[in-house]
Amino acid sequence: MNLTSDTKKAPLTRQLGQEITRFNDEEMMSNGHTCNKYLQQFANSTSEFTKCAIRHARPIRICEKCIYYYLDVQKSYEEILKARDEGGHACMMELVNLDRLEVIDGALDYVYKLWGKAECNCCFVVEDNGTLTSQLSNVTIKFQQLYNNTTKCFEKFYNPSTEKYDPKICVNCTTEYCTLNKFYEDLKADTGEGIVCMDIVDAMNLTRTKWSKRFGCYVSIPKAEITLIISVVVIALSPVVFYVGSKYATSRAEKRIPSQRRISADTSIPSTSSS
């Protein structure tokens, strides 16, 4: 057996096999113009979504601004799964199953993970069957109204010439800010796990940062609330005070009892002195 000859033939055989496989793949693709059309649509939709997400990464408005691109990604991928080419072959087989680098699935996974990480579905109406729509939920609309009211109030006290805010902003915008802040806190409580659309979370965080750090504002606690807080604290500490007091009294009583017993014992012993 000529080992040298066989060794030289082996790489040639593998290369020939790879060329045949590549030729078959290209032939399937050339015969599937319909599938190529869907592939191009998917490429365009994922590209547009990615560009939109980058443009609206700060401040975060990915959910509201990129919803239509996200729905296009879903639609274009579903069309790939359902479509067939002129020869009746499933486009999924030609595009997805033969995608050795999993580029298509990787692109789809990136879009889905980014959308899910931002909890974007919470911003929109989701139908009973789980289908996402582009319609903003009532909660999102209400938050936007309160947010816009607060922002407009802030803008009233901005001086473009000095590029500073009038200190009166703290007094005059307290109502708008507190209303927005309370709505946000209630929204987090209503979700149970505090899951809120990232557009809303980021808008609220930026507003709080402006209010406290940039404006130097704070919300004073009313006297009635202070009295209530003190009362709650006193009531909460009452059992502890009672327990400590009882423990101390019991300890004192236990110390007195042996002393009294010794006194009684001393007085009851008869005198042994001689008369």
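Q: Why is C91 called buried?

A: The relative accessible area of C91 is 0%. Buried means under 20%, exposed means over 50%, and partly exposed lies in between, as computed with a 1.4 Å probe on protein chains only. C91 therefore counts as buried. The structure is a predicted model, in which local features need pLDDT of at least 70 and side-chain atom pairs count only at pLDDT 80 or more, while totals for chains, interfaces and linings use all residues. Residues are numbered from 1 along each chain as its sequence is written, and side-chain values use heavy atoms, with hydrogens and water left out.

Q: How do you know that C35 and C91 form a disulfide?

A: The S to S distance between C35 and C91 is 2.0 Å. A disulfide is a pair of cysteine sulfur atoms within 2.5 Å, so C35 and C91 qualify. The link of C35 and C91 is left-handed, with -85° about the S-S bond. C35, like C91, has a relative accessible area of 0% and is buried.

Q: Which parts does the pair of C35 and C91 tie together?

A: C35 belongs to helix α2 (residues 33-55) and C91 to helix α4 (residues 91-97), so the pair ties together parts that are 56 residues apart in sequence. The helices named here are DSSP runs of H or I with at least four residues, strands are runs of E with at least two, and numbering starts at the N terminus. Helix α4 also holds E94, which is buried at 4% relative accessibility. The C-alpha atoms of E94 and N36 are 9.5 Å apart in space, although the two residues are 58 residues apart in sequence.

Q: What makes C123 and C197 a disulfide, and where do they lie?

A: The sulfur atoms of C123 and C197 are 2.0 Å apart, and the two residues form a disulfide. The link of C123 and C197 is left-handed, at -90° about the S-S bond. C123 lies in the loop between α5 (103-117) and β1 (124-126), and C197 in the loop between α8 (174-191) and α9 (198-214), so the pair ties together parts that are 74 residues apart in sequence. C123 is buried at a relative accessible area of 3%, and C197 is buried at 1%.

Q: How many disulfides does the whole structure contain, and what is their pairing?

A: A search of the whole structure finds six. With the bonded cysteines of the protein chain numbered in sequence order, the pairing is 1-5, 2-4, 3-6, 7-11, 8-10, 9-12. One of the disulfides joins C153 to C173, with an S to S distance of 2.0 Å.

Q: Why are α6 and α9 called roughly parallel?

A: Their axes, which are lines fitted to C-alpha atoms over the stretch in contact, with angles from 0 to 180 degrees between N-to-C directions, cross at roughly 25° and come within 11 Å. Angles under 35 degrees count as roughly parallel, over 145 as roughly antiparallel, 65 to 115 as roughly perpendicular and the rest as oblique. α6 and α9 are therefore roughly parallel to each other.

Q: Which residues of α6 and α9 meet, and what is their class?

A: T140, F143, Y147, T150 and F154 in α6 meet I200, A203, M204, T207 and W211 in α9, where contact means heavy atoms within 4.5 Å. By class, this contact has seven nonpolar, three polar and no charged residues. Ala, Val, Leu, Ile, Met, Phe, Trp, Tyr, Cys and Pro count as nonpolar, Asp, Glu, Lys and Arg as charged, and the others, Gly among them, as polar.

Q: How many helices and strands has the protein chain, and what percentage of its residues count as buried?

A: The protein chain has ten helices and four strands. Of its 275 residues, 24% count as buried.
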